[in-house]
Amino acid sequence: PAKPIFAGELPKGLQKISNIVAVSSCKGGVGKSTVAVNLAYTLAGMGARVGIFDADVYGPSLPTMVSPENRLLEMNPETRTILPTEYLGVKLVSFGFAGQGRAIMRGPMVSGVINQLLTTAEWGELDYLVVDMPPGTGDIQLTLCQVAPLTAAVIVTTPQKLAFIDVAKGVRMFSKLKVPCIAVVENMCYFDADGNRYYPFGEGSGSQVVQQFGIPHLFDLPIRPTLSASGDSGTPEVVADPQGEVAKTFQNLGVCV
Ligand code: ADP
């Protein structure tokens, strides 16, 4: 992959990570965290050493989506590094595991918190660090890309026409940063009921994304009550139903990253 514009020396905590994959969306609520978490557990299921960094400081979802025994990050007092918590072998760092967080923060503060959490964590040797990016394409996202040398980006969107504008923004940001966008996940694409498949937001926008932006892979995820329920239950769908349809889609995505 092309070298990102990442500047300066690689922070010590990130030196033994082979791939840093950003999962990004331009709007909130499109399923970015759902994709990040299920992708991470799919990669772990394929035998990789995986970590998740939840960079969504304003709305951290990781504490809801996984259920580690230890729900607080620990600080090593000697090295002043953060010890990630862990669930089913995946290392986890989220602002939501940092204790009493502040609900109101200005942008530069958020960038500082993200920077500190990401770079002072003792990730150890990882094949993949999946980064659940904050939604949008602003300063915070840029800072993150400058701190961490991202190897690839996955963009999550919903099928509405309007979402195109967002995908374009995301693709432009990553292309400026020289991070390859390897896949688009079109979430909430369709649902199955009464033996029929329904496309509530229309069909065909996915292939348009591929043509227009030249992104090599496109994945569809259906609207599924189990996806939402598993997200709330603390066990990702791909763990709860490893042979299911959703798990298969994530395995295909996992092969691409
Ligand atoms: P984001 O990270 O983009 O804000 P989330 O992953 O937190 O979005 O998803 C928002 C809500 O929608 C969550 O409650 C999640 O469980 C639910 N959700 C996401 N994708 C699906 C889907 N394909 N089917 C059903 N519910 C979904």
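Predicted model: local features only at pLDDT ≥ 70, side-chain atom pairs only at ≥ 80, totals over all residues.
Guide: On one side of helix H7 (225-233), Pro225, Ala229 and Asp232 are exposed.

Visitor: Which residues of H7 are buried?

Guide: Leu227, Ser230 and Gly231 are the buried residues of H7. Viewed down the helix axis, they fall within an arc of 105°, so they line one face of H7.

Visitor: What covers the buried residues of H7?

Guide: The cover includes H1, helix H2 (62-65), helix H8 (237-240) and helix H9 (245-256). After H7 comes Gly234, which has a positive phi near 90°.

Visitor: Which elements give two or more residues to the shell around the ligand?

Guide: Begin with the shell itself. The ligand is surrounded by 17 residues, and the closest are Gly31, Ser33, Thr34, Ser228 and Gly231. Helix H1 (32-45) and helix H7 (225-233) are the elements that give two or more residues to this shell.

Visitor: How many residues of the shell are nonpolar, polar and charged?

Guide: Five are nonpolar, ten are polar and two are charged.

Visitor: Where do I look for the nonpolar core, and which residues have the most contacts inside it?

Guide: The general idea is that nonpolar side chains tend to be buried together in soluble globular proteins. Here, the largest nonpolar core has 74 residues, and Val21, Val23, Ala40, Val130, Val131 and Val154 have the most contacts inside it. H1 gives the largest share of this core, eight residues.

Visitor: What does Ala40 touch?

Guide: Leaving aside residues up to four places away in sequence, Ala40 touches Val50, Ile52, Val90 and Val130.

Visitor: Which residues are buried in helix H4?

Guide: In H4 (residues 139-147), the buried residues are Ile140, Gln141, Leu144, Cys145 and Val147. Down the axis of H4 they fall within an arc of 160°, so these residues also line one face of their helix. Helix H3 (107-120) and helix H5 (163-176) are among the elements that cover them.

Visitor: Phe95 is in a loop. Is Phe95 buried or exposed?

Guide: Phe95 lies between strand E6 (90-94) and H3, and it counts as buried because it has 23 C-beta neighbours inside 10 Å. The cut-off for buried is 20 or more. Phe95 and Ala229 are 134 residues apart along the chain, and their C-alpha atoms are separated by 23 Å.

Visitor: How many helices and strands does the protein chain have, and what is its radius of gyration?

Guide: There are nine helices and twelve strands. For 257 residues a compact globule would have a radius of gyration near 18 Å, and the 17 Å of the protein chain agrees with that. Of the 257 residues, 44% count as buried. Among contacts with a separation of 6 or more, 79% are between residues 24 or more positions apart.

Notes. Residues numbered from 1 in each chain as written. Near = placed C-beta within 6 Å. Helix = DSSP H or I, 4+ residues; strand = E, 2+ residues; numbered from the N terminus. Nonpolar A, V, L, I, M, F, W, Y, C, P; charged D, E, K, R; others polar. Rg over C-alpha atoms; globule rule 2.2 N^0.38 Å. Buried ≥ 20, exposed ≤ 12 C-beta atoms within 10 Å, placed from the backbone. Contact = placed C-beta atoms within 7 Å. Core = buried A, V, L, I, M, F, W, Y, C linked by C-beta atoms within 7 Å. Arc of directions from axis to C-beta.
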